[in-house]
Amino acid sequence: MVAAQVNDDFTDGDFTQNPSWTGTSETFIVNTALQLQLSDTAAGVSWLSTENQKVSGCEWRFWIKQSFSPSSNNNSRVYLVSNQQNFTEPLQGYFIQLGESGSNDAVELFRQDGETVTSVCRGTEGLIASSFNLWFKIIRDETG
């Protein structure tokens, strides 16, 4: 059995230690269901990150619930790999985006090089055009 490089299910009610998540921490809470939740009513960008040195042979598993219809100005990104902890700055990395303009919203994987963002692959059109909750499992093998 191999232990995870990073594993946090937030059942300790805390995201500031074991592991330590940093970023716009004042806009997040661990709710009564022991889930990490954005808790902000103001427009803007909110983000959290935690350090992980492992890039290949990785598995990411997470659950996302959005109780609104996403758009290009109101969406979620999950960065799988990044060379920066602050996601608002130019970086090298990959992220999953949930939301875009129009009604064909799909789960989409992007590569980011500096400020240039390129689609790598795209899921089912319209899958996330309204509120949703989805489980994700993404695997990057040792050769990738």
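Predicted model: local features only at pLDDT ≥ 70, side-chain atom pairs only at ≥ 80, totals over all residues.
Residues are numbered from 1 along each chain as its sequence is written, and side-chain values use heavy atoms, with hydrogens and water left out.

**Cysteines**

- The whole structure holds zero disulfides (a disulfide being a pair of cysteine sulfur atoms within 2.5 Å).
- Cys 58 is in no disulfide; its nearest cysteine sulfur is that of Cys 121.
- Cys 58 counts as buried because its relative accessibility is 8%. The cut-offs are under 20% relative accessible area for buried, over 50% for exposed and in between for partly exposed (1.4 Å probe, protein chains only).
- Cys 121, at 43%, counts as partly exposed.

**Aromatic pairs**

- Six aromatic pairs are found. Rings of Phe, Tyr and Trp (its six-membered ring) pair if their centres lie within 6.5 Å; planes under 30 degrees apart count as stacked, over 60 as edge-to-face and the rest as tilted.
- Trp 47 and Phe 87 form an edge-to-face pair, because their ring centres are 5.7 Å apart and their planes stand at 70 degrees.
- Trp 47 sits in the loop between β3 (36–38) and β4 (48–49), and Phe 87 in the loop between β6 and β7, so this pair ties together parts 40 residues apart in sequence. Strands are DSSP runs (E, at least two residues), numbered from the N terminus.
- Phe 62 and Phe 136 are stacked, with 4.8 Å centre to centre and 15 degrees between the planes.
- That pair links strand β5 (residues 58–66), which holds Phe 62, to strand β10, which holds Phe 136, across 74 residues.
- Phe 62 is buried at 15%, and Phe 136 is buried at 11%.
- Ring pairs also join Trp 47, Tyr 79, Phe 87, Phe 95 and Phe 110 into a cluster.

**Lining of the second largest pocket**

- A pocket is an open set of points on a 1 Å grid over the protein atoms alone, where a 1.4 Å probe fits, with protein on both sides within 12 Å along at least five of seven lines; lining residues have an atom within 4 Å of a point.
- The second largest pocket has 14 lining residues, with Trp 60, Leu 80, Val 81, Tyr 94 and Arg 140 nearest its centre.
- Strand β8 gives the largest share of this lining, four residues.
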